[in-house]
Amino acid sequence: MPSHTFTRSERLKSRKAIAEIFESGDTAKAYPLLLLYRFVPRTDAATQMSFTVPKRSFRKAAHRNRIKRRIREAYRLSKHLLQVPEEQCLQGMIIFTSRSEEDYSTIDKALSKIIKRISSLDIQS
């Protein structure tokens, strides 16, 4: 049975890594989510993710946090579908792009589409 946890080692926190994703990363879109990602040589975790909701669209922190919780929960429950080669690490940043708050089912469907798209890529070492 897959582990449905989102551990500390799976969180992308490095400012340098996040900056490199924005500079040279690829994108995958499924409304209302945008994934910026890149593959790097593996360290501890197979994937490292970070989530963000723009302050421009949602002024209140409570609304941004609610959306981030929904995205994190959808990711946590569907990350086992993500196929990453053993020697690679997927570093990604999921950005919420909608101007209105979406329900969990919409976010879950969009994230599943993105995960299927990323898993079907032919990754060169």
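Ten nonpolar residues, no polar ones and no charged ones: that is the lining of the largest cavity by class. Here, Ala, Val, Leu, Ile, Met, Phe, Trp, Tyr, Cys and Pro count as nonpolar, Asp, Glu, Lys and Arg as charged, and the others, Gly among them, as polar.

Before you click on, a word on the model: it is predicted, so local features need pLDDT of at least 70 and side-chain atom pairs count only at pLDDT 80 or more, while totals for chains, interfaces and linings use all residues. Residues are numbered from 1 along each chain as its sequence is written, and side-chain values use heavy atoms, with hydrogens and water left out.

**Stop one: the cavity**

Select Leu35, Met49, Tyr75, Leu82, Leu90, Ile94, Leu111, Ile114, Ile115 and Ile118, which line the largest cavity. A cavity is a set of points, on a 1 Å grid over the protein atoms alone, where a 1.4 Å probe fits but cannot get out; lining residues have an atom within 4 Å of a point. The volume is about 40 Å³, taken as the space filled by probe spheres set on the points, with grid points joined across faces, edges and corners.

Now colour helix H3 (104-119) and strand S4 (88-96), each of which supplies at least two lining residues. H3 gives the largest share, four residues. Helices (H or I, at least four residues) and strands (E, at least two) are DSSP runs, numbered from the N terminus.

**Stop two: the strands**

Stay on Leu35, and look across to Ile94 in S4, which stands opposite. S2 and S4 pair in the antiparallel sense over nine bridges; two strands pair if DSSP finds at least two bridges between them. Next, show strand S1 (residues 26-30), which pairs with S2, again antiparallel, over five bridges. Leu35 in S2 is the bridge partner of Ala28, and a hairpin of two residues joins S1 to S2.

Is S2 (residues 33-41) enclosed or open? Seven of its nine residues are buried (under 20% relative accessible area, with a 1.4 Å probe and protein chains only), so S2 is largely enclosed by the rest of the structure.

**Stop three: past the helix**

Finish at Leu121, in the segment after H3. Leu121 has a relative accessible area of 36%, which makes this residue partly exposed (between the 20% limit for buried and the 50% limit for exposed). Leaving aside neighbours within four places in sequence, Leu121 is in contact (heavy atoms within 4.5 Å) with Tyr37 and Phe39. Gln83 is 38 residues away from Leu121 in sequence, yet 9.2 Å away in space, C-alpha to C-alpha.

Note on methods:
1 Å grid on protein atoms, 1.4 Å probe; cavity = no way out; pocket = protein on both sides within 12 Å on 5 of 7 lines; lining within 4 Å.
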